[in-house]
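Here is a short report for a first look. Please keep the structure in view while reading.

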Amino acid sequence: MPLDDVALGLQRALDRLIRRLRLGKPPVSGHRRRLLIVQIDGLSRSVLDEAMARRRVPFLTRLVGQRGYRITPMSVGLPTSTPAFQLAAMYGVRPDIPGFHYHDRRRKSDVYFPRAGDAARVEQTQAAGRRGILDGGGAYGCIFTGGAESNLLTFAMIRRPSGAGLLRTVSGAVVIGWVLLKGTVASAIELVRAVLRIVADPVSGLRDGGWKWLAIKIGISVWLRELFTLVVSRDLYAGVPAIYVNYVDYDVAAHAWGPRHPRALRALRRVDAAIHRLWRVLRRVPEHGYDFYVLSDHGQAACVPYRELTDGPPIEQSLFDDFLDPPGATRTAVAGSRARPLASGFKAFRTQRAPGLFQRFVNYLERDFPWVLGEQREVRERAGIRVISAGPDAFVYFLDSEEPLTLERIEARFPELAAKLSISTGIGTVLVRSESGPLCFWRGRRYGLDELHTGPFARRADIERVAEGIRDLMAMPSAGDLVIYGIDAPRGNVSFIPEVGAHAGASLDEMSTFLIHSPNVEVTTSLTHPIHLYSHFARYQTAAA
Ligand SMILES: [Zn+2]
């Protein structure tokens, strides 16, 4: 778009002016190669292939078909989740990140990535001492910084954007102004369109999430994509040594409507167009020597929400109702919760199960609005057992133990718990540690990692990746004593939170992604875990040192 170029040209002139005033140093030029990584969040290899065949991603199709770019298959390990992927890829470590939301036994607190501070603490403790692949570069829309000094909407920096990042972004005032103007116009157009659609057909427009769609579209698709594309363009002109940008449009749409839904594919097409714009900028600065990569951190599995299937309470409640509440035991209040004054008044009712209308009201609040009572969404804790549902995965922690409990010790308390859970409605597999290593329960039977092909993962060509993923996951100290998956439940995949596209599990689509790269770049290791990306991308840093 030529107008974008005008905005960027103005902005470059501004940068030159700032340099002339000796406010910053000019970009270093030299012989080193530079790194641009574009992540399409949540895109599986199979959806990419289908989208290419159906001309839904015209730019990527041309990049591969006409420019000789290669698609190298990648398996991303377990859990199939952005934070686990990015920590491994950015720092080359096998992380202790069992999901998007989990309990850290050692700190005795939950980790929930969107919460300010959590991602930064995980990055500080788990990447300790290692050089990230983005040292001195930029990270946009990522979970972690990877060492980048410029961070925008990166989870680890949400509360505390890095000084340079802020300055660099603000020095791009022209870019921001342009994004605001363009975003406003585009939002207005979207709004008018959506209102027209809802007026024309109010029932279906709202029933299938018309307003939600609108919010997502304006909030993420228009603003973030626009902002990221322009800020990255700015960095490319400036010769920033390493850039990682994550486009989340497709992942968000796929969670809301499913990985192959037309709306998700339309979001993918818009991401494709944004990547094309970055490519055009790259071609104007061949002297910077950028190597250009497009990758995905995990795929998604189409699923049904647990509560739609069971027509009952969420799993963090039903596990207590059906399995974990010992008969006759009284319910205890949540330890360490920051209960509000209102909540403490309710506690008496919650511990005594008093009869009557008010008790029913409290039960209703407890089930549907637990945070009113001082509990977090998707978390329940009773009698020293904490359950967290994080997506298609749920974790059960026995808090009285410092170390994860083995099956033997769990079943001393709850006989045959794992087998019974694995035949419960909406549950696919149940993972647990044992004296003889990790075990997988499926349809009531137990399987060792060397027996997976005879049961839950029969017919999987990548069975070794699945076994390795389960071994890694259950070696994480923060993975639950029981790790329960709704993926591959008898009547199809299930997520424990309200979504129809999910990831964290071991289905083929979730685990199989790709790395698209130039034919001039040799990818020497086979990419069977995101940790292998680190050794490839870290070379760009070594070259600079
Ligand atoms: Zn996602």
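Is Cys-440 buried or exposed? Cys-440 is buried, with a relative accessible area of 0%. Buried means under 20% relative accessible area, exposed over 50%, partly exposed in between (1.4 Å probe, protein chains only). Cys-303 is also buried, at 8%. The structure holds zero disulfides (pairs of cysteine sulfur atoms within 2.5 Å).

This is a predicted model: local features need pLDDT of at least 70, side-chain atom pairs count only at pLDDT 80 or more, and totals for chains, interfaces and linings use all residues. Residues are numbered from 1 along each chain as its sequence is written, and side-chain values use heavy atoms, with hydrogens and water left out.

Asp-251 is buried, at 9%. His-503 is buried too, at 13%.

Now the rings. The structure holds 14 aromatic pairs. Rings of Phe, Tyr and Trp (its six-membered ring) pair if their centres lie within 6.5 Å; planes under 30 degrees apart count as stacked, over 60 as edge-to-face and the rest as tilted. Two of the pairs are tabulated.

| Pair | Centre to centre | Plane angle | Type |
|---|---|---|---|
| Tyr-102 and Phe-113 | 6.4 Å | 50 degrees | tilted |
| Tyr-293 and Phe-537 | 5.0 Å | 80 degrees | edge-to-face |

Both Tyr-102 and Phe-113 are buried. Tyr-293 is buried at 0%, and Phe-537 at 1%.
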